[in-house]
Amino acid sequence: MKKSGILNPQLAELVASMGHGDILMVADRGVPFPQHDETVCIDLSVRPGLPGLIDVLETVLEELEIESVIIPNETQEKNPEMYRKMQDVLAKVKNKGNDIVEENIPHVDCKNLFLTGDTVDPEVIDLWGREVKGIVRTGECTPFSYIMLVSGTTF
């Protein structure tokens, strides 16, 4: 029996399969899953608030090397408390000694990115080499509470 790290077998497998540039989204309870089978979708929610997004984010970041994150503009504007909590977590994470790069784009572009693999405005973000490989739904029940983790390399 595994006794530490990510205990959920689907999530552990998803994190282990991430390659450079792949995106793993950790999201609130309201996030829709794509209507295709190309994205791994994991629903961890048990009840409202359980598990919380920050708990899942911290656990994933113990095992996943990231180089950047994508956060919707609306998180900072409409849910500043969640945005501050995300910033506190990200401040403890480095990629080869460098701070994690944060990209902020409109919610509509984020939603299109994780549902269709593209954005409404192709100029909003460089998607070359990036693919939303997985979405993890938590029990978080606050608006615009999601973050896309862009996988980096350890070398």
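**Sheet architecture and salt bridges**

Val40 has Gly134 of strand E7 as its bridge partner. In this predicted model, the pairing of E2 with E7 (residues 131–137) is parallel and extends over four bridges. Both strands belong to an open sheet of six strands, arranged in the order E2-E7-E1-E8-E3-E6 with mixed pairing. In general, strands of a sheet pair through backbone hydrogen bonds, in either a parallel or an antiparallel manner.

Helix H4 (residues 80–90) touches strand E3 (66–72), E6 and strand E8 (146–151), and the direction of H4 makes about 175° with that of E3. Helix H5 (residues 107–116) also packs on the sheet, with contacts to strand E1 (22–27), E3, E6, E7 and E8. The direction of H5 makes about 55° with that of E8.

Six salt bridges were counted in the model. One of them is formed by the side chains of Asp22 and Lys133, with an N to O distance of 3.4 Å. Asp22 is located in strand E1 and Lys133 in strand E7, so this pair ties together parts that are 111 residues apart in sequence. With a relative accessibility of 10%, Asp22 counts as buried, whereas Lys133, at 25%, counts as partly exposed.

A salt bridge also joins Arg29 to Asp43, whose closest N and O atoms are 3.1 Å apart. Because Arg29 lies in the loop between E1 and E2 and Asp43 in strand E2, the pair connects parts that are 14 residues apart in sequence. Arg29 counts as partly exposed at 36% relative accessibility, and Asp43 is likewise partly exposed at 36%.

Within helix H4, Asp88 and Arg84 are four residues apart and are therefore separated by about one helical turn. Asp88 forms a salt bridge with Arg84, the distance between the closest N and O atoms being 3.1 Å. Asp88 has a relative accessible area of 40% and is partly exposed; Arg84, at 43% relative accessibility, is also partly exposed.

Key:
Residues numbered from 1 in each chain as written. Predicted model: local features only at pLDDT ≥ 70, side-chain atom pairs only at ≥ 80, totals over all residues. Heavy atoms only, no water. Pairing = 2+ DSSP bridges. Helix = DSSP H or I, 4+ residues; strand = E, 2+ residues; numbered from the N terminus. Contact = heavy atoms within 4.5 Å. Axes fitted to C-alpha atoms, helices over the stretch in contact; angles between N-to-C directions. Salt bridge = Lys/Arg side-chain N within 4 Å of Asp/Glu carboxyl O. Buried < 20%, exposed > 50% of the residue type's maximum accessible area, 1.4 Å probe, protein only.
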